[in-house]
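Have the sequence and the structure open as you read.

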Amino acid sequence: MNKKLYFLCSGNSCRSQIAEGYAKKYLPTWDVRSAGIRIGGLNPLAVKVMAEDGVDISQQTSKLIDNDFMNQADLVITLCGEARDKCIIPQSTRWLHWPVNDPAESTGDESEVMEDFRDARDDIKSRIIKLAKNIQNILNK
């Protein structure tokens with residue numbers, strides 16, 4: 001049975017979707033999903049910046065947290081303070097918190113907003129690559 005990895009965020013529109021896309025690429029044997037406290041809809045700018053890096057997340061959808069999947073997850077990663085504070089993560093589950101800035105709250109012109117999306121994408125990508133290299137050590141802590 002594949003190990004389960006769950007990314008949680010507030011609206012499941014940007015950060016957790018990006019994380020899901022990269023985790024599927026770098027942890028291909030894992031069952032990777034993402035969800036939110038509410039459904040925010042997949043942000044088209046998240047799709048755009050991931051496509052720039054060759055990862056297609058256009059078919060992913062914004063979903064509410066599935067407690068059954070969360071209870072079975074080997075690792076849960078929250079990507080925002082709201083998810084960290086409001087989600088009841090099972091004590092038996094390994095849990096990490098990655099505070100990633102929300103690019104959907106970015107203001108400015110189009111190029112500034114896109115730069116914030118790229119910064120969040122690159123932050124998440126580097127965390128996923130590090131996670132993939134150290135996953136067994138993280139699970140065994």
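A residue is called buried when its relative accessible area is under 20%, exposed when over 50%, and partly exposed in between, using a 1.4 Å probe and protein chains only. This is a predicted model, in which local features need pLDDT of at least 70 and side-chain atom pairs count only at pLDDT 80 or more, while totals for chains, interfaces and linings use all residues. Residues are numbered from 1 along each chain as its sequence is written, and side-chain values use heavy atoms, with hydrogens and water left out.

**Cysteines**

Let us begin with the sulfur atoms. A disulfide here is a pair of cysteine sulfur atoms within 2.5 Å, and a search of the whole structure turns up zero of them. For Cys9, the nearest cysteine sulfur belongs to Cys80, 3.7 Å away. Cys14 is also in no disulfide, and its nearest cysteine sulfur is that of Cys9, at 8.1 Å. Cys14 counts as buried because its relative accessible area is 2%; Cys9, at 3% relative accessibility, is buried too.

**Two loop residues**

Helices (H or I, at least four residues) and strands (E, at least two) are DSSP runs numbered from the N terminus. Asn12 sits in the loop between strand E1 (4-9) and H1. What is the phi of Asn12? The value is near 50°, positive in a residue other than glycine. For background, most residues other than glycine have a negative phi. Asn12 has a relative accessible area of 0%, so it is buried.

Taking contact as heavy atoms within 4.5 Å, and leaving out residues up to four places away in sequence, Pro103 touches Cys14, Arg15, Asp116, Phe117 and Ala120.

Axes are lines fitted to C-alpha atoms, for helices over the stretch in contact, and angles run from 0 to 180 degrees between N-to-C directions.

| Pair | Angle | Axis distance |
|---|---|---|
| H1 and H2 | about 30° | 10 Å |

In the contact of H1 with H5, Arg15, Ile18, Ala19, Tyr22, Ala23 and Tyr26 meet Arg121, Ile124, Lys125, Ile128, Ile129 and Ala132. By class, these residues are nine nonpolar, no polar and three charged, where Ala, Val, Leu, Ile, Met, Phe, Trp, Tyr, Cys and Pro count as nonpolar, Asp, Glu, Lys and Arg as charged, and the others, Gly among them, as polar.

H2 meets H5 through residues including Leu45, Val49 and Met50 of H2 and Val113, Met114 and Phe117 of H5. This contact divides into seven nonpolar, no polar and five charged residues.

Between H1 and H2, Ile18, Gly21 and Tyr22 face Ala46, Val49 and Met50 in contact. Here the classes are five nonpolar, one polar and no charged.
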